[in-house]
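This report is for a reader who has not seen this structure before. Please look over the sequence and the model before reading on.

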Protein chains: 2
Amino acid sequence: MIAPAGHRTVRRHNLALVLGCVAEAEPLSRARVAERTGLTRGTVSSLVDELITAGLVTELAAERGGPGRPAAPLQLNRNGPAGLGLELGVDRLGACVVDLTGAVRAQRIVPSEHVDADPEGVLDALAELAAAVRAEAALPIAGAHLAVPGIVGESAIVRLPNLSRWAGVDAAGGLAARLGCATGIANEADLAALAELWFGRTPADFLYASIGIGIGAGVVIGGELFRGPGGRAGELGHMVVEPGGPPCRCGGRGCLERLVDLRDLDRSARALGAALTGAVALLDVRTIVLGGLDPAVAEPLRAAVAAELAELDPPVTVTVSDPGAGGALRGAAATVVRAVIRSPDGGR
Amino acid sequence: MIAPAGHRTVRRHNLALVLGCVAEAEPLSRARVAERTGLTRGTVSSLVDELITAGLVTELAAERGGPGRPAAPLQLNRNGPAGLGLELGVDRLGACVVDLTGAVRAQRIVPSEHVDADPEGVLDALAELAAAVRAEAALPIAGAHLAVPGIVGESAIVRLPNLSRWAGVDAAGGLAARLGCATGIANEADLAALAELWFGRTPADFLYASIGIGIGAGVVIGGELFRGPGGRAGELGHMVVEPGGPPCRCGGRGCLERLVDLRDLDRSARALGAALTGAVALLDVRTIVLGGLDPAVAEPLRAAVAAELAELDPPVTVTVSDPGAGGALRGAAATVVRAVIRSPDGGR
DNA sequence: AGCAATTAGTACGAACATCGAACAAACCTC
DNA sequence: GAGGTTTGTTCGATGTTCGTACTAATTGCT
C-alpha cells in the first residue's frame, strides 16, 4: 500500500501474468493464454510480442492437428536469461547455471575444506568455478544467488556457526564485484526448500528440515518462503527439546541441535519429533520434508520421525527430500530466474 | 497472480491507497495526500470525491493558518459504515460497534454461562445483544465478526475445546441470518492480537499469547495476521514442553497447555519460557505480548517469563497486553472496518 | 486599500493500456 | 473447391492517470 498505480503498473502486472502462465504450462498458444488469464486475445498478443522481443519467450513452429488455423506454441526461451547458483558449503563449493525453465545447463561441485581458509581466497575459487559453468552453459546471466550454511541478514552474512572466519564478511558484495552481476544470498535450508517446492513433489505448504552438521529449516507457506521479520525464521535447531538441558550458544537450553546424533536414531527421532510437533502446532504445516541426509539413514529416520508424529490430528506426512530436486544449489539458481519471471520488465 | 489488471484495478488500488493514507494520519488535506501517495493532486481530488459520495470520508471546515489558500481537512467519516464485533466466550457474551476510525461507539458485555446451553439459544441471546449496541450506536453496519475461543476453519467452527456442544455448529452462518449482514469468524487470540496491533503499542511483528482457560496465540508478522495454511497457526498451547509427558488430546505429549497452572508462577514461567523460546526460533518474532491475564498475576508472570528468555540473542522483549487495546471484541469489530478501508469499493 | 506571493484545489487535453468486435489467415472436412 | 473452424491481428471506444494551466482563497508587505 505504498506505490500509486498507473498504466505502467497494469502493463507490468499483465506481463508477469502472461509469462507466469506460459512458465506454468508450456507450450501454450496465445488463445489458451487468453483463456487462462482472462485477458483478451488482442491484449495477450501485444504482451507476448513484448516478451518475445525481450528474449523471454520463443514461438515454435505452428502445430497442425485439428480443424482451424494452427496455433503457434509459446514457450520459455531456453536461450534467454539464466540464473547462476552458487554454494558455499562447510566442505565444498558449487556453481550451476539454470535456464528460464529451471533446467540445469551446467554444474560443478568440488570438495573444498575451508574452515580455516581465508574468505577472500575462497571467494576467488568460487568465482573461478562460476566462470567455468558460465562458459559451459553459454547463456546470458541475469544474476547470481549464493547459498550459505547460516543465518543471513540484509544481504550480508550474519552468522555462520561452522565457519567462524566469515563473520561479518560481505560475501554477496564480494561475489558481485568478481562476477559483474547482481548477487543475492540466502540460507542453504531456505533455498533447498524452494528447490523442493519447484522441482520436487511437495504441496504448497511444508517444512523442510535440513539435518546436516547443524539443523536448519526452510518453511514454505502458500508457495512462498516464510522468512520471518528478520530473515531468521525456521531455526528449528533451537527449538527447546529438553528444558533445563545443556546450554546452547543461542542462549537457550536443551536445543534440538545439541541433542540430535544420527548414530542414535531413536533418540534423534524423539528429539526431532518433539521439535516438529511444536513446529506443526505453531506453523500449521502438514508436511515435513527431511533433507541433507545420508541415503542409508534417510528412510529409517523418516519412519521413526513419522511414528513420533503419528498421533497428531490433523495428520502430518513425513517424507524424504527428492534427490531430483537439486538442493540448495539449484534452488539458488532458480531463485534468480523465478525473479525474472515474476517481474519480466526487470524493474523498469 | 490470478486476475488480469485493467482500469478498474488501478482505480480500486488508488482508492484504497488514498483512504488508507487518510486513515493513517487524519486530518489531511488533498495536497498532503497527493504528496504522501505520489499521485497527482488532480487524481487525488477525483478519488476523494468518490470516497466522499461513498460516505467514507468527510470534509471539515477549512483551516486557516499560514499563507496561501487554506486546506480542507479530510478525515474518516465518523458516521460512515461501522463494524459489529461479537464475542462468544466460555463464560460471557459481548457485542460492540466500532466506527471507521476504530473508536468504540457502543459496547455491552454480559456474563453468560453456556457450557451446557443450547447453541441456538446462545446465538439468539448474542443477536439480541448485538441489536442493543446497534441501536445505541445508530450507525450503518458494514458487517460483523465473531470471536470464539477455539480453532476456526473455513467460516465454520472446527473445534471449541471448552464448548463441546458447538462442534460443527455454523455460528457465523446462524448469526448472519439473525443479523442480516455478512458475518466472519475468527479465533479469539488472533483478534486480540490484531487489537493490540491496531490500538496498543506493539511493533509490526509480535506474538500475542492468550493465557486463559486454554492457551492460544495470535502471530502478527509485518502487520498482518499469520494464520498458516489451514488457519490453525499459533497453537502455542500444543508446543511440546516436556517430551514424554502427560498425553494431550491433540495427540502429542507434554503440551504446554497441560503444564501451565497460574497458581505456580515459577513452573508456569519455565514452561512458557520453553515454548516461547521455540516460537521465537521458528517465527523470528522479537516481541512477546502476554494477554488474558488477571491484573494481579500479569506483572509477576511477565517478569518471570522475561527472565526465562533473557539469554536469547537477538534479545526478546516481553510485555503485558495494553488494557486500552480492547481485546478480541474490539479486534473483531475493527476487522470489519479495516476490510472496508482496504477495499473501499466493497468488491465492485 | 491594494498588490504580490503562496498554497489549495479544479479543468482539460494527451498518453497509454485494456476491451470488444470485426477482419484476415491457415487449416480440416466434405 | 466451398464451407466451417480456430488462431491471431487490427482498429476504434473506454477509462484512468499525468502534466499543465487556471481559478480560488488567504497572508503579508507597501
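The text below covers the pairing of the chains, the surface near the DNA, and a sheet with its helices.

**The two chains**

This is a predicted model. Chain A can be laid on chain B by a turn of 180 degrees and a shift of 0.0 Å along the axis, with an RMSD of 0.0 Å. That is the relation of a two-fold axis. Of the interface residues of chain A, 100% are also interface residues in chain B, so the copies meet through the same surface.

**The surface near DNA strand C**

DNA strand C is surrounded by 29 residues. The closest are Arg11(A), Ser45(B), Gly68(B), Arg69(B) and Ala72(B). By class, this surface has 11 nonpolar, 11 polar and seven charged residues.

Which parts of DNA strand C lie within 4 Å of the protein: sugar and phosphate, or bases? Of the atoms of DNA strand C in that range, 67% belong to sugar or phosphate, and the rest belong to bases.

The elements that give two or more residues to the surface near DNA strand C come from both chains: α1 (7–24) and α3 (41–53) of chain A, and α2 (30–37) and α3 (41–53) of chain B. With four residues, α1(A) gives the most.

**A sheet in chain A and its helices**

Chain A has an open sheet of five strands in the order β5-β4-β3-β6-β9, with mixed pairing. Its edge strands are β5 (104–111) and β9 (183–187), each of which pairs on one side only. From one strand to the next, the twist averages 15 degrees.

How do β6(A) and β9(A) run, parallel or antiparallel? Strand β6 (residues 141–148) of chain A and β9(A) run parallel and are joined by five bridges. In β9(A), Gly184(A) is the bridge partner of His145(A).

Two helices of chain A lie across strands of this sheet. Helix α5 (residues 171–179) lies across β3 (82–88), β6 and β9 of chain A, and runs at about 145 degrees to β9(A). Helix α9 (residues 327–342) lies across β3, β4 (92–98), β5 and β6 of chain A, and runs at about 145 degrees to β3(A).

Note on methods:
Residues numbered from 1 in each chain as written. Chains lettered and ligands numbered in written order. Predicted model: local features only at pLDDT ≥ 70, side-chain atom pairs only at ≥ 80, totals over all residues. Heavy atoms only, no water. Near = heavy atom within 4 Å. Nonpolar A, V, L, I, M, F, W, Y, C, P; charged D, E, K, R; others polar. Pairing = 2+ DSSP bridges. Axes fitted to C-alpha atoms, helices over the stretch in contact; angles between N-to-C directions. Contact = heavy atoms within 4.5 Å. Least-squares fit on C-alpha atoms with pLDDT ≥ 70 in both.
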